[in-house]
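Me: I'm new to this one and would like to learn how to read it. Could you take me through a few features, one at a time?

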Amino acid sequence: MESVTVGILGGGQLGRMIVEAAHRLNIKTIVLDAPNSPAKQINALDEHVDGSFNNEEDILKLASKVDVLTIEIEHINTDALIKAQEVYPNLKIYPVPETIKLIQDKYIQKLHLIKNEIKVTESVSVENTIESLQEVGETFGYPFLLKARTLAYDGRGNFVVKTKDDLQKGLDFLSNRPLYAEKFAPFTKELAVMVVRSPKDEVFAYPTVETIHENNICHLVYAPAKVPGSVLLKAQNLAKAAVKSFPGAGIFGVEMFLLTNGELLINEIAPRPHNSGHYTIDACATSQFEAHIRAITELPLPRNFTKLSTSETNAIMLNVLGTKEPNGELVACKKALETPGASVYLYGKTTRFERKMGHINIISSSMKESERKLSFILGETQTFEETETEATPKPLVSIVMGSDSDLPVMSKAADILKQFNVPFELSIVSAHRTPYRMVQFANEAVDRGIKVIIAGAGGAAHLPGMIAAMTALPVIGVPVKGSSLDGVDSLYSIVQMPRGIPVATVAINNSTNAALLAIRILGNGDNEILSKVETQLVTQEQEVLDKVEKLENVGYEEYLTKFLKK
C-alpha cells in the first residue's frame with residue numbers, strides 16, 4: 001500500500017479522532033490549527049502547520065506537504081482550497097470545495113436540497129430589519145426560527161421568535177450576520193444518520209440515531225433510535241439521497257426532524273465527522289473516523305462496515321460538557337470508568353462552561369441496560385449492578401406469526417419446544433403491515449444465533465416465503481386456518497414456493513409438527529437433542545402399542561365408550 005499523507009484543516013476533537021483512526025492505518029497526518037490544539041497533542045511524530053484554516057497562506061503551506069486534504073470543521077476558506085487545487089493539481093480535497101461552499105451557507109444548502117427534491121424545513125431569506133421579520137411572522141406564523149446562515153455551530157446561531165415582541169431580540173442576538181428564517185417544524189424527535197460517500201459515488205448509511213438536545217447542545221445520542229423500523233429505514237434512505245446530491249467523498253452528518261405525521265424533513269448537513277456519530281467508535285464494526293479516512297484515501301471499505309457490531313448492540317453517547325466548577329465534568333467520567341461497557345474519551349481541552357470536553361460511550365445488549373448504566377454515570381442512581389445476562393439462554397428457534405390471531409395455533413409449537421427444553425423466542429412479524437420489521441428480522445436472525453425459523457400465517461400467507469427469500473436459515477411454514485377457504489389458501493400460498501426458495505410446509509394449523517421438525521433439524525448438530533427425539537419416538541410408539549393392547553382386550557364397543565376421546 002502506497003504511503004499517503006492526509007492534511008487536516010482544524011485541530012479540534014474531531015481532528016483528534018481522525019488522527020487516531022489514521023494512525024491505526026499507518027497514514028501520516030499533518031494538522032493546520034493553533035499550537036497545542038487537541039489533534040496536535042496526540043500527533044507528536046509528525047510536523048504540523050501553526051496557523052488558521054481561514055488563512056490562504058497557511059492552507060497553501062499545508063497543501064504543499066500532503067496528498068489529501070480534509071476538514072474537521074466546515075467554516076474554512078474555500079477560495080484558498082480552490083487555489084490550492086490549482087497550484088497542486090495532484091492534490092485531492094475531500095469533501096470537494098464546491099460541497100463545502102454549498103453547505104457553509106445553511107440557506108444555500110437548503111436551496112440545493114430543494115433543487116434535488118430532498119424534503120427540508122421551509123425557509124426564506126430575510127433582511128436584518130424588523131419589517132422583514134414581520135413579513136415572515138405573517139407568512140409562517142409564530143413561533144418561527146431565526147437562524148444565522150454562516151458560522152453557526154451547536155445551535156448557537158439559532159433564535160426562537162415566539163411573538164412579535166421577540167423580533168428585535170432576535171436581531172440583537174444574531175447581529176452582524178446574514179440571516180434566514182425557518183418555519184417551525186412540529187417534530188416529535190430529532191434523528192441523525194452518518195453517511196459515507198466513496199470517490200466512486202457509492203453511499204453507505206450508519207444506523208439511524210435519536211439525538212437529545214439541552215440548551216441547543218447535543219446531550220445524548222441513542223443508537224439505534226427508538227422509533228419503528230420503517231422510520232429507521234426511511235431516515236437512512238433520505239440521508240443517502242441528500243448526501244448523493246453533493247459531489248466528493250468522505251463522511252457526512254445528516255440531521256433531520258421526525259414530524260407528528262410521520263414525515264421526515266432534513267434540518268441540516270455537516271460535511272465531516274459529527275457529534276451524533278461518536279457512538280460508532282465502540283458500537284459499530286468501523287468507526288465514522290476510520291470510514292472517513294478509508295473513503296478519502298480510497299482504501300477498501302469493509303462489507304457491512306456501517307452496521308452495529310451485533311444485532312443486539314445498543315448504545316448511548318453522552319456528551320461531557322464543561323461545568324462552572326473547574327474539572328467538574330470529571331465526576332461523570334470517573335463513574336463511567338467504574339461502569340462495565342462504558343468508555344471515556346477526553347479531548348485535552350481546558351474547562352469552559354458548556355464546552356465539549358469529551359464524550360462517554362455506553363454499550364449493552366439492550367437499550368434498557370444502557371439506560372441503567374447512564375443513570376449511574378449521571379448520578380441519578382447510587383449503585384450499578386449488571387443484570388444476569390447468562391440466566392436466559394439465547395433462543396435457537398424463532399416462532400413468528402403475521403397476527404396475534406395466529407397465537408392459539410402457534411402456541412402449540414412453543415409448548416413442544418418447552419417440552420424438549422429448546423430455547424425459543426416468539427413474536428409478531430407481519431409481511432404486509434410491518435415489512436421493514438420483517439426485513440430486519442430476516443437479515444439479523446443468523447447473527448442473533450437463530451438456527452431455525454417457524455413462520456405461521458393465514459390468508460395470503462406471504463410471511464414464510466418472504467423470510468426464506470432473505471435468510472439462509474431453514475424456514476418451516478405453518479398455514480393458519482382463516483375465516484374463509486378453511487386455510488387451503490394459506491397452504492397453497494406457502495407450499496407453492498418457486499425453485500430456489502425452499503419452505504418446509506406442514507399441515508394446516510399443525511404447528512406441533514413444525515416444532516418437531518425444527519427439533520430434528522437442531523438434532524443434526526446436537527446429540528443431546530437427537531437423543532430426546534429418539535426417546536420421543538419410542539414413547540410415541542409405546543403409546544400406540546398400549547392402545548392396541550387395550551383395544552384387543554376390551555373390544556371396540558367398550559373402547560369407544562370408555563377410552564376414545566369424544
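Me: Let's start with F305. Is F305 buried or exposed?

Reply: Keep in mind that this is a predicted model. F305 has a relative accessible area of 2%, so F305 is buried.

Me: And how do I read a pair of aromatic rings?

Reply: You describe such a pair by two things, the distance of the centres and the angle of the planes. Here F204 and F305 pair up edge-to-face, with 5.3 Å centre to centre and 65 degrees between the planes.

Me: Where do F204 and F305 lie?

Reply: F204 sits in strand β11, while F305 is in the loop between α11 and β16, so their pairing ties together parts that are 101 residues apart in sequence. F204 comes out as partly exposed, because its relative accessibility is 27%. Ring pairs also bring in Y206, giving a cluster of F204, Y206 and F305.

Me: How many aromatic pairs are there by this rule?

Reply: The count is 7 aromatic pairs. Another one of them joins Y142 and F144, and that pair is tilted, at 5.7 Å centre to centre and 40 degrees between the planes. Y142 is partly exposed because its relative accessible area is 30%, whereas F144 counts as buried because its relative accessibility is 0%.

Me: What about a nonpolar core?

Reply: The general idea is that in soluble globular proteins, nonpolar side chains tend to be buried together. In this model the largest nonpolar core has 27 residues, and L113, L191, V195, V254, M256, I266 and I269 have the most contacts inside it. The elements giving two or more residues to this core include β10, β14 and β15 (264-270). The most comes from α9, with 7 residues. Apart from this core there is another, of 25 residues, with M410, I416, I454 and A518 among them.

Me: Which residues is L191 in contact with, beyond its neighbours within four places in sequence?

Reply: Among them are V209, V227, V231, V254, M256 and L264.

Me: How would I spot empty space inside?

Reply: You roll a probe the size of a water molecule over the atoms, and that shows where empty space is left. In this case the count is 1 cavity of 30 Å³ or more, and the largest cavity has a volume of about 30 Å³. Its lining is made up of E190, L191, T211, H213, E255, M256, F257 and N267. β14 gives the largest share of that lining, 3 residues. By class, the lining has 3 nonpolar, 3 polar and 2 charged residues.

Me: One more residue, please. Where is L146 found?

Reply: L146 is in strand β7, residues 144-148. L146 counts as buried because its relative accessible area is 0%. Setting aside residues up to four places away in sequence, L146 touches several residues, including V126, L133, F159, L171 and Y180. N158 is also one of those it touches; L146 and N158 are 12 residues apart in sequence and 5.9 Å apart in space, C-alpha to C-alpha.

Definitions and conventions
Residues numbered from 1 in each chain as written. Predicted model: local features only at pLDDT ≥ 70, side-chain atom pairs only at ≥ 80, totals over all residues. Heavy atoms only, no water. 1 Å grid on protein atoms, 1.4 Å probe; cavity = no way out; pocket = protein on both sides within 12 Å on 5 of 7 lines; lining within 4 Å. Points joined across faces, edges and corners; volume = space filled by probe spheres on them. Helix = DSSP H or I, 4+ residues; strand = E, 2+ residues; numbered from the N terminus. Nonpolar A, V, L, I, M, F, W, Y, C, P; charged D, E, K, R; others polar. Core = buried A, V, L, I, M, F, W, Y, C linked by side-chain atoms within 4.5 Å. Buried < 20%, exposed > 50% of the residue type's maximum accessible area, 1.4 Å probe, protein only. Contact = heavy atoms within 4.5 Å. Phe/Tyr/Trp six-rings, centres within 6.5 Å; stacked < 30°, edge-to-face > 60°.
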